[in-house]
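Walk me through this structure, with cut-offs stated.

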Amino acid sequence: MTGGQIGNVDLVKQLNSAAVYRLIDQKGPISRIQVAEVSQLAPASVTKITRQLLERGLIKEVAQQASTGGRRAISLTTESEPFHAICVRVGRRDIDITLYDLSGKAITSIHDKFDYQDSQAFIEGLIEQITQFKAQVEPQLKELVAIGVTLPGLIDPVKGVIQYMPTIDVEQLPLGEILNDTFNVTSFVGNDIRALALAEHYFGATRDCLDSIVVSVHNGTGAGIIVNGQVFLGHNRNVGEIGHIQIDPLGDRCQCGNFGCLETVAANPAIIAHVEKALAQGFVSELQQHESITVSGICHAANNGDELAVQVLTKVGNHLGKALAITINLFNPQKIVLTGEITEAESLLFAAIERCISTQALSNFSENLVLASSELYGQSTIGSFSIIKRAMLNGVLLQKMLEEHH
Ligand SMILES: [Zn+2]
């Protein structure tokens with residue numbers, strides 16, 4: 001991990017290597033001359049860095065026909081296939097693990113139940129799961145360059161330390177370091193929703209914008225905020241607790257201790273409880289025939305015009321819209337992306353949210369704002385891969401790979 005202090009000379013080296021790698025990754029095939037021009041690095045530096053990247057196998061040379069029809073020009077592209085990453089998403093009661101290559105191509109995945117009552121069971125279970133997965137993929141495994149883990153909770157992503165988890169008591173749990181020592185591989189840890197916001201920015205619905213917000217409605221309600229292409233992190237490295245914006249001062253008690261937080265009305269358990277209560281009171285609805293109430297089932301009923309489902313989801317949209325209007329006034333994003341089962345009733349939900357935003361957010365801010373559903377829904381480990389991708393692009397992992405080679 002990058003816990004230790006890093007000297008200025010080393011930092012400059014890391015940033016220059018990263019600038020070159022990033023250009024080749026994003027603009028490749030690209031010539032050395034173009035890399036020097038765009039990065040504004042001296043041609044000699046570019047030559048030196050590209051030589052290191054070539055030796056490490058991270059980039060390769062390709063011949064391109066020059067536009068003038070003269071001799072072939074040599075261009076550079078990244079090489080991602082020989083490098084693998086194990087990416088883990090830890091949920092409240094389940095776990096997903098995927099093997100990716102460095103281009104973000106998923107090679108193989110598992111989904112399993114994962115019960116943990118305390119931090120010791122969590123660590124031991126996680127190590128066991130990764131060990132088993134690694135053994136299972138051994139025949140396909142190329143060079144393993146990183147492990148990435150995302151989970152619900154508050155995390156210092158630079159140090160890989162978990163500060164809080166909603167499921168168990170943890171205090172300053174250095175998960176990154178533990179995985180690093182156990183598997184002898186550079187390991188990264190991040191908050192699941194912040195990582196998802198990054199994933200949408202790299203691969204999904206917000207590729208085209210620098211400023212965006214991803215809102216996830218699941219067991220809780222949370223947001224990841226991207227400002228100028230980077231995950232926005234506050235002083236204690238966690239922002240976007242949109243779920244704890246107070247919507248109703250006389251509302252239900254929230255797990256955070258306050259009353260009427262967004263999460264108490266616009267998260268899956270709250271939505272299901274609302275429907276169950278109405279059904280118990282005798283509301284007529286097609287959901288009466290359902291054996292168990294799920295958010296997916298409620299969305300389906302709402303799309304069929306079921307009055308109870310429509311009313312409940314409209315109310316959820318109004319609550320979300322109120323919280324989003326506040327967030328829009330603070331961050332003025334270009335796009336807001338919603339993720340969760342709830343987006344299965346997208347047209348109804350978005351209409352309610354848009355009505356609130358248009359009346360409650362500054363009109364200058366809301367005029368050109370786009371509301372969209374996640375493009376990565378169902379790709380549960382893509383967030384974990386994104387924090388590894390970020391470490392390649394900002395040089396943290398890249399520099400480690402270059403140094404270990406010597
Ligand atoms: Zn709360």
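Which residue forms a salt bridge with glutamate 81? The partner is lysine 142, and the closest N and O atoms are 3.3 Å apart. A salt bridge here is a side-chain nitrogen of Lys or Arg within 4 Å of a carboxyl oxygen of Asp or Glu. Lysine 142 lies in the loop between α4 (119-137) and β6, and glutamate 81 in the loop between β2 (73-78) and β3 (83-90), so the pair ties together parts that are 61 residues apart in sequence. Helices (H or I, at least four residues) and strands (E, at least two) are DSSP runs, numbered from the N terminus.

Some ground rules come next. This is a predicted model, in which local features need pLDDT of at least 70 and side-chain atom pairs count only at pLDDT 80 or more, while totals for chains, interfaces and linings use all residues. Residues are numbered from 1 along each chain as its sequence is written, and side-chain values use heavy atoms, with hydrogens and water left out.

Back to the lysine 142 pair. Lysine 142 is partly exposed, at 40% relative accessible area. Glutamate 81 is partly exposed too, at 48%. The classes rest on relative accessible area: buried is under 20%, exposed is over 50%, and partly exposed is in between (1.4 Å probe, protein chains only). Elsewhere, salt bridges with shared partners join Arg89, Asp94 and Asp96 into one network. The structure holds nine salt bridges.

Another of these bridges links glutamate 61 and arginine 32, at 2.9 Å from N to O. Glutamate 61 sits in strand β1 (residues 59-64) and arginine 32 in helix α2 (residues 32-39), so parts 29 residues apart in sequence are tied together. Both ends are partly exposed: glutamate 61 has a relative accessible area of 42%, and arginine 32 has 23%.

Now follow helix α2 itself. Val35, Ala36 and Ser39 are buried there. They cover an arc of only 100° around the axis, which puts them on the same side of α2. The arc is that of the directions from the helix axis to the C-beta atoms. Ile33, Glu37 and Val38 are exposed on the other side. The cover over the buried residues of α2 includes α1 (8-27) and α3. Just after α2, glutamine 40 takes a positive phi of about 60°.

Helix α3 (residues 43-56) has 14 residues. From first C-alpha to last, α3 reaches 20 Å, close to the 20 Å expected at 1.5 Å a residue. That expected span is 1.5 Å times one less than the number of residues. Which residues of α3 are buried? They are Val46, Ile49, Thr50, Leu53 and Arg56. Their arc around the axis is only 120°, which puts them on the same side of α3. Ala44 and Glu55 are exposed, on the face turned away from the buried side. Glycine 57 follows α3 with a positive phi, near 80°.

Arginine 56 brings us back to charge. It forms a salt bridge with glutamate 143, with the closest N and O atoms 2.5 Å apart. Arginine 56 lies in helix α3 and glutamate 143 in strand β6 (residues 143-151), so the pair ties together parts that are 87 residues apart in sequence. Arginine 56 counts as buried, at 9% relative accessibility. Glutamate 143 is partly exposed, at 33%.

Next, a hairpin. Strands β7 (residues 154-156) and β8 (residues 161-164) pair in the antiparallel sense over three bridges. Pairing requires that DSSP finds at least two bridges between two strands. Aspartate 156 stands opposite valine 161 in β8. Four residues lie between β7 and β8 in this hairpin. In the turn, glycine 160 has a positive phi of about 70°.

Lysine 389 takes us to helix α12 (residues 382-393). Is lysine 389 buried or exposed? Lysine 389 is buried, at a relative accessible area of 12%. Contact means heavy atoms within 4.5 Å. Leaving aside neighbours within four places in sequence, lysine 389 is in contact with Asp25, Leu102, Tyr202 and Phe203.

Last, the cysteines. A disulfide is a pair of cysteine sulfur atoms within 2.5 Å. By this rule the count is zero. Cysteine 356 is buried, at 8%. Its sulfur is 17 Å from the closest cysteine sulfur, in cysteine 299, which is too far for a bond. Cysteine 87 also counts as buried, at 0% relative accessibility.
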